[in-house]
Amino acid sequence: MFKGSFKSFLRKAFPFSIRDTIVTILIIMGCTLVCSLFRNIPAVVNTYASMLFLLAVFLVSLFTKGYLFGTLASLTSVFIVNFFFTYPYLRFNFLLQGYPLTIFCSLVVSIVTSTLVTKIKKGNELRMLAEKEKTRSNLLRAVSHDLRTPLTTILGSTGAIIDNHDVIDDNQKLRLLSEIKEESEWLIRMVENLLTVTRIEDGSEASLAKTPEAAEEIIFESVRKFKKRFPDFKVNVKVPQELVMVPMDAMLIQQVMVNLLENVVLHAKGATVANVILSQSSEGAVFEVSDNGCGIDDDILNRIFDIYRDSKSEVGSDSKKNMGIGLPVCKTIIKAHNGRMHAFNNPGGGAMFRFILPMHTD
């Protein structure tokens with residue numbers, strides 16, 4: 001058991017990595033090259049060579065994992081300084097005064113730096129894990145909250161049909177079945193949002209199949225899908241005359257647009273029209289979805305993209321369900337596209353959601 005623990009400790013303390021090997025070689029070679037440029041000026045080389053290689057040891061320890069490469073860099077640096085940049089040149093001289101102290105100081109620098117960097121990295125990893133766990137917990141709370149209402153409605157409507165099938169008339173049955181259909185559609189969108197969050201969190205931007213798409217076509221297709229569910233709600237669309245090509249995952253951006261349009265109907269109290277505008281700026285393609293409703297309260301506006309909000313505080317939200325994870329999912333999608341998303345209140349009334357997508361790939 002002790003032997004296994006010791007081997008595990010050695011693997012963690014002295015991990016081997018091709019990347020770290022390359023980083024170490026490049027830093028040591030760079031420092032050697034700089035000192036070589038001043039080799040013909042002995043006073044400069046003798047004064048600064050040791051300091052430069054001490055800096056090299058620090059950088060290696062900073063940008064590599066564990067203690068292996070920092071220790072190797074410190075020993076290599078001492079030998080390089082002794083052989084190339086200390087008189088007599090191109091010969092080792094281990095009898096120099098203070099030479100053991102130089103080796104000791106270099107090793108101490110590498111060990112201390114590696115220790116501090118390792119602790120910082122572990123602290124960051126623990127902090128990221130804590131934030132991720134908090135997000136998952138909040139997501140679970142949001143999902144539990146948003147699933148409860150439609151499931152209760154479905155259960156109540158189906159129970160009413162089963163228990164009173166010989167009493168209720170066809171119109172009542174149709175009304176109850178319509179409610180079941182509406183809540184089932186809501187549940188499907190919730191599942192789609194959850195799958196989107198999982199997909200992006202697992203692979204982030206790397207999981208996105210981004211291809212150049214005409215932003216105008218994405219907007220019109222999103223409006224068409226929205227109109228299937230809300231055929232009577234008015235939507236104004238304004239796009240530029242020139243074609244706007246944007247690298248994107250088309251299905252995900254459509255999901256964002258449909259979510260924003262549905263929020264106008266479901267949560268913008270008093271809204272009678274949605275306005276969709278596409279434009280270009282120095283930052284990229286600008287998508288805007290606005291309405292003429294009641295707007296968003298300031299306290300909600302500051303946290304509207306949070307994964308969980310108290311639905312009781314959401315003035316103007318739908319009485320049956322709040323915005324749930326729709327808006328956080330939208331922002332997650334835009335962020336995975338290296339874009340930005342914000343919510344505003346229009347000076348003339350109503351709310352606006354704006355997101356910007358880069359028009360080029362990095």
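Which side chain meets that of Asp20 in a salt bridge, and at what N to O distance?

Analyst: The side chain of Asp20 meets that of Arg19 in a salt bridge, with 2.4 Å from N to O, where the term requires a side-chain nitrogen of Lys or Arg within 4 Å of a carboxyl oxygen of Asp or Glu. The model is predicted, so local features need pLDDT of at least 70 and side-chain atom pairs pLDDT 80 or more, while totals for chains, interfaces and linings use all residues. Residues are numbered from 1 along each chain as its sequence is written, and side-chain values use heavy atoms, without hydrogens or water.

Asp20 is buried, at a relative accessible area of 3%, whereas Arg19 is partly exposed at 49% (buried is under 20%, exposed over 50%, partly exposed in between, with a 1.4 Å probe and protein chains only).

This pair belongs to a structure that holds six salt bridges, among them one in which the side chains of Arg175 and Glu179 meet at 3.4 Å, N to O. Both residues lie in helix H6, residues 170-203, four residues apart, about one turn of the helix (a helix is a DSSP run of H or I of at least four residues, numbered from the N terminus). Arg175 is partly exposed, with 46% relative accessible area, and Glu179 is likewise partly exposed, with 28%.

In helix H7, Glu221 and Arg224 are three residues apart, and about one helical turn separates them; their side chains meet in a salt bridge of 2.4 Å, N to O. Glu221 counts as partly exposed at 25% relative accessibility, and Arg224 is partly exposed as well, with a relative accessible area of 40%.

Definitions and conventions
Helix = DSSP H or I, 4+ residues; strand = E, 2+ residues; numbered from the N terminus.
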